[in-house]
Amino acid sequence: MDEASLRVNNELDTDVVVSWMSERCYQCLYQPLGVVPAGPSPGQPSSEEFIVSTQHELTLQLNSTTDNLALCTVPFHFGEQGNYSLWVKNLNDSSVVNCSIVTDADPVNSYIPILVAFLIFAGLALVSAIGRIILGLDVVKGILFRISGSMETERLINSELGSPGRTVAVVTDNILPPSPSPSKRLRSLDTFRGISLVVMVFVNYGGGRYWFFRHESWNGLTVADLVFPWFVFIMGTSIALSVNSLLRAGLTRCSLLRKVVWRSLQLFIIGVFIINPNYCQGPLSWDNLRIPGVLQRLAWSYLVVACLDLLVARVHLDILTMDAWWSPCLDILLYWPAWLCVLILEIIWLCFTFLLPVPDCPTGYLGPGGIGDMGMYPNCTGGAAGFIDRWLLGEKHIYQTPSSRVIYVTRMPYDPEGILGSINSILMAFIGLQAGKIILHYRDLHASIISRFLIWGLILGAISAVLTKCSTDQGFIPVNKNLWSLSYVTTLSCLAFVLLVLVYYTVDVKKWWSGAPFYYPGMNSILVYVGHEVFEEYFPFRWRMANSQSHTEHLAQNLVATSCWVFISYVLYRKKIFWKI
């Protein structure tokens with residue numbers, strides 16, 4: 001999978017060393033692929049076959065073994081399961097080496113399964129939408145009404161209620177549907193949470209083994225890098241609404257603080273259990289127990305942001321004046337102590353990241369180590385963030401196989417949910433809290449809510465453009481999920497505001513969309529996340545594949561597994577079963 005066959009034909013009279021480097025590897029050393037002997041005689045090449053990656057474009061470099069001079073450099077994007085030949089020969093001038101790649105067998109189109117899956121799910125969504133429209137027609141409603149009425153009449157005739165001597169009361173409960181009770185809960189928030197969760201489950205199950213459904217090796221973004229920050233963001237939004245609702249219901253801040261601490265502790269403990277699955281295979285060893293994790297990061301962010309909100313939350317927002325000159329910034333100025341605390345935390349992150357001396361590493365290093373930066377800092381993965389985790393938690397208690405190993409060939413353990421990055425996850429949750437404050441202050445003023453969401457998205461996007469210089473690797477602070485860099489938070493917050501506007505407008509304002517099917521897992525997010533982690537290796541979430549090197553089978557398996565959790569959450573929703581901690 002994600003591989004192609006390359007035959008190198010060498011017609012030169014000297015051995016050739018073939019090396020490669022991925023285009024996604026910034027300032028990297030070339031990695032040796034192999035040596036091709038010199039041709040036995042003029043016009044008769046010697047050949048060697050190699051396996052090359054097809055995920056990204058590669059740059060092949062051929063060097064002479066005698067003087068180690070670069071003979072030629074060939075950039076090429078190989079196709080999956082394709083067969084290629086690289087010819088190395090002299091032109092008329094013997095001092096000029098020509099290198100050219102020829103396609104011997106065409107590659108397969110590995111993206112067709114994604115297209116087919118998209119068309120299937122789009123078709124199901126279209127059929128569902130058409131069905132809703134048809135059922136909403138007056139003619140169809142009348143037909144269904146008459147059918148249901150005749151069925152109810154027949155039931156009454158055939159039951160013992162129709163026997164002589166008994167009075168039959170007119171029953172209309174089964175004929176007319178009950179009027180829905182008004183609910184103040186915003187479906188768009190649960191839908192947003194469900195979108196993040198469903199994509200997260202799909203990615204964690206493998207994402208069809210496509211590279212863009214895996215975490216980026218270091219700087220940059222893939223689909224997999226979007227969902228966890230969005231989940232943190234919408235958690236912050238929910239905190240604002242929940243705290244306000246509970247305070248208005250009469251609960252004291254001290255009692256809410258106890259609930260927040262207890263819930264954070266539960267999340268942390270559950271997180272430690274599900275990321276250390278050795279208990280299924282024998283006794284769990286404390287020597288290599290991983291401490292950081294996704295739920296642990298959520299617990300820490302929830303604890304800090306909820307405490308900040310309890311510190312500054314206003315119970316009654318309808319009595320606040322809107323006539324003052326500063327009223328357009330009311331949803332910010334009223335909570336300035338919390339903003340000050342978050343600003344101090346961010347200054348701490350900047351100081352630790354750029355000023356903390358790290359042994360044998362340059363101060364302020366943000367690189368992956370390994371073969372990056374021309375191999376000068378192989379053991380400096382993550383700079384200060386990695387150093388703090390290894391110093392406080394120990395190398396055996398953090399993630400052992402980070403995504404930087406894929407391209408940058410790092411050897412140091414590094415945890416993307418480490419200690420220093422938790423500060424920026426607090427910032428992400430706090431920005432989500434701000435979205436909740438906007439909803440509270442401008443409740444039912446849809447235009448005001450949407451405009452402020454877009455303004456926040458614009459401001460955060462501009463900050464990201466400045467921090468990154470609109471580049472992947474050359475900015476002041478690159479977008480980096482492993483580090484949870486500041487630009488990563490501002491970029492994902494910008495995208496979160498834009499997505500929330502779209503979902504809020506279509507679900508809660510225009511009511512064009514009910515939020516299904518994402519709404520259901522969004523209502524049971526903890527159960528779905530914990531369940532998908534615990535039962536990952538069990539049928540029907542995983543089974544033995546006929547061809548494990550096929551994107552089609554992996555994609556089908558991962559989509560079925562994700563769909564199962566959506567269906568489970570729908571059943572639980574209908575039965576009103578929700579796991580809340």
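Which residue counts as buried at 10% relative accessibility? Arginine 193 does, where buried means under 20% relative accessible area, exposed over 50%, and partly exposed in between (1.4 Å probe, protein chains only).

The model is predicted: local features need pLDDT of at least 70, side-chain atom pairs count only at pLDDT 80 or more, and totals for chains, interfaces and linings use all residues. Residues are numbered from 1 along each chain as its sequence is written, and side-chain values use heavy atoms, with hydrogens and water left out.

**Figure 1. Overview of the protein chain.** The chain has 16 helices and 8 strands; helices (H or I, at least four residues) and strands (E, at least two) are DSSP runs, numbered from the N terminus. Its C-alpha atoms fill a box of roughly 110 × 60 × 55 Å along the principal axes. Of the 581 residues, 47% count as buried. Among contacts (heavy atoms within 4.5 Å) between residues at least 6 apart in sequence, 70% join residues at least 24 apart.

**Figure 2. The salt bridge between aspartate 190 and arginine 193.** A salt bridge is a side-chain nitrogen of Lys or Arg within 4 Å of a carboxyl oxygen of Asp or Glu, and the structure holds 9 of them. Here the N to O distance is 2.6 Å. The two residues are 3 apart in helix H3, a separation of about one helical turn. Aspartate 190 is buried, with a relative accessible area of 2%.

**Figure 3. The salt bridge between arginine 24 and glutamate 216.** The side chains meet at 2.5 Å, N to O. This pair links distant parts of the chain, 192 residues apart: arginine 24 is in the loop between strand S2 (16-22) and strand S3 (31-36), and glutamate 216 is in the loop between helix H3 (187-204) and helix H4 (227-248). Arginine 24 is partly exposed, at 28% relative accessible area, whereas glutamate 216 is buried, at 6%.

**Figure 4. A salt-bridge network around glutamate 417 and arginine 290.** The closest N and O atoms of glutamate 417 and arginine 290 are 3.1 Å apart. Glutamate 417 lies in the loop between helix H10 (404-408) and helix H11 (419-441) and arginine 290 in the loop between helix H5 (253-274) and helix H6 (294-312), so the bridge ties together parts 127 residues apart in sequence. Both residues are buried. Through shared partners, salt bridges join Arg290, Asp415, Glu417 and Lys481 into one network.

**Figure 5. Nonpolar cores and phenylalanine 453.** A nonpolar core is a set of buried Ala, Val, Leu, Ile, Met, Phe, Trp, Tyr and Cys residues joined through side-chain atoms within 4.5 Å. The largest has 108 residues, and Phe233 and Phe453 have the most contacts inside it. Leaving aside neighbours within four places in sequence, phenylalanine 453 is in contact with Ala435, Ile438, Ile439, Phe497, Leu500 and Val501. Another core lies apart from the largest one and has 20 residues, among them Val16, Val52, Leu60 and Val88.

**Figure 6. The surroundings of phenylalanine 541.** Phenylalanine 541 is placed in the loop between helix H15 (525-534) and helix H16 (551-574). The residue is buried, with a relative accessible area of 7%. Not counting residues up to four places away in sequence, phenylalanine 541 touches Tyr205, Phe535, Glu536, Gln557, Ala561, Cys564, Trp565 and Ile568. The C-alpha atoms of phenylalanine 541 and valine 528, 13 residues apart along the chain, are separated by 13 Å.
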